Amino acid sequence: MTRVRQERAEITRQAILDGAATAFDLCGFDGTSLSDVVKYAGVTKGALYFHFPSKEALARALMDEHFQVSEHVPAIENPGLQTVIDLTHQMAHGLRTNVRIRAGIRLVIEFGAFTNPDPTPYDTWIATCRSCLTPAQEQGDIHPMLDVRALSTLLVGAFTGIQVTSHVRTRREDLHTRVTDLWSFLLPTIVPPQRITRFHPTGTPRPASPPPTD
């Protein structure tokens, strides 16, 4: 019985997060009320308050969740420059297909605006990039004179601006193309010429699907 209650509680929690993501994605933090969340989630206000004490707690949960895109990085045996390239494309894919990631990113930008700015999400992504680019530089894939922390900061800022511009101009229809452009222009300036063919600005190619069998 306890397990059944826990499972139901988790289903309700996920429904609340889905509803909150839809509301925040459409209207932002200030434009969303808890009544909006309840409407989109299909739950009662009592159920909402059981899981989340406030609208800010909901927002923080969604902002934390968008870091799941990079959750497997610590398990990668040899993280490097291609890891960061792939992460930007994975984030681009999430922004185009996952309302929770879209809401999380919108909230990160809103919470990082000029009123009481919160740099924590940006600092976390910078640290993730740095954890991949440092070993890349040590093995000769990045010019030795470059400041890896400065490069990581540039990448996070550039991706943020690219995805906002893509959202405004094309509803992110061209986001993968714009991310590919970023890497196509950047790689020749940060990678030694003899190593540049190792990297794929469009992301790591996926293996071809096996042909169907009769």
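The model is predicted: local features need pLDDT of at least 70, side-chain atom pairs count only at pLDDT 80 or more, and totals for chains, interfaces and linings use all residues. Residues are numbered from 1 along each chain as its sequence is written, and side-chain values use heavy atoms, with hydrogens and water left out. The protein has nine helices and zero strands; these are DSSP runs numbered from the N terminus, helices being H or I of at least four residues and strands E of at least two.

**Overall make-up**

- From the N terminus on, the order of elements is α-α-α-α-α-α-α-α-α.
- Along the principal axes, the C-alpha atoms of the protein fill a box of roughly 60 × 60 × 35 Å.
- Of the 214 residues, 42% count as buried; buried means under 20% relative accessible area, exposed over 50%, and partly exposed in between, with a 1.4 Å probe and protein chains only.
- Among contacts with a separation of 6 or more, 67% come from residues 24 or more positions apart; a contact means heavy atoms within 4.5 Å.

**Helices α5 and α9**

- Helix α5 (residues 81-97) packs on helix α9 (residues 175-190) at an angle of about 165°, and their axes are 10 Å apart.
- Axes are lines fitted to C-alpha atoms, for helices over the stretch in contact, and angles run from 0 to 180 degrees between N-to-C directions.
- Because of that angle, α5 and α9 are roughly antiparallel to each other; the classes are roughly parallel under 35 degrees, roughly antiparallel over 145, roughly perpendicular from 65 to 115, and oblique for the rest.
- The crossing of α5 past α9 is right-handed; a crossing is right-handed if the near helix is turned clockwise from the far one by less than a right angle, and left-handed if anticlockwise.
- On the α5 side the contact is made by Leu-81, Val-84, Ile-85, Thr-88, His-89, Ala-92, His-93, Leu-95 and Arg-96.
- On the α9 side Leu-175, His-176, Val-179, Thr-180, Trp-183, Leu-187 and Ile-190 take part.
- The residues of this contact divide into 10 nonpolar, five polar and one charged; Ala, Val, Leu, Ile, Met, Phe, Trp, Tyr, Cys and Pro count as nonpolar, Asp, Glu, Lys and Arg as charged, and the others, Gly among them, as polar.

**Helices α1 and α6**

- α1 and α6 pack at an angle of about 55°, with their axes 8 Å apart, and are therefore oblique to each other.
- α1 passes α6 in a left-handed crossing.
- From α1, the residues Gln-14, Leu-17, Asp-18, Ala-21, Thr-22, Phe-24, Asp-25, Leu-26 and Cys-27 meet Val-99, Arg-100, Arg-102, Ala-103, Arg-106 and Leu-107 of α6.
- By class, the contact of α1 with α6 holds eight nonpolar, two polar and five charged residues.

**Helix α6 on its own**

- The 13 residues of α6 (residues 99-111) should span 18 Å at 1.5 Å a residue, and the end C-alpha atoms are 18 Å apart, which agrees; the expected span is 1.5 Å times one less than the number of residues.
- Buried in α6 are Arg-100, Ile-101, Arg-102, Ala-103, Gly-104, Ile-105, Leu-107, Val-108 and Phe-111.
- These buried residues pack against α1 (2-27), α4 (55-65), α5, α7 (120-138) and α8 (148-170).

- Pro-121, Trp-125, Ile-126, Thr-128, Cys-129, Cys-132, Leu-133 and Ala-136 are the buried residues of α7, and they pack against α5, α6 and α8.

**Loop residues**

- Val-43 lies in the loop between α2 (34-41) and α3 (45-51) and is buried, because its relative accessible area is 16%.
- Leaving out residues up to four places away in sequence, Val-43 touches Thr-12, Ile-16 and Val-38.
- Val-43 and Arg-13 are 30 residues apart in sequence and 9.6 Å apart in space, C-alpha to C-alpha.
- Arg-171, in the loop between α8 and α9, has a positive phi of about 55° although it is not a glycine.
- Arg-171 counts as exposed because its relative accessibility is 64%.
- Arg-172 is also found in the loop between α8 and α9, and its phi is near 70°, a positive value in a residue other than glycine.
- Arg-172 is buried, because its relative accessible area is 8%.
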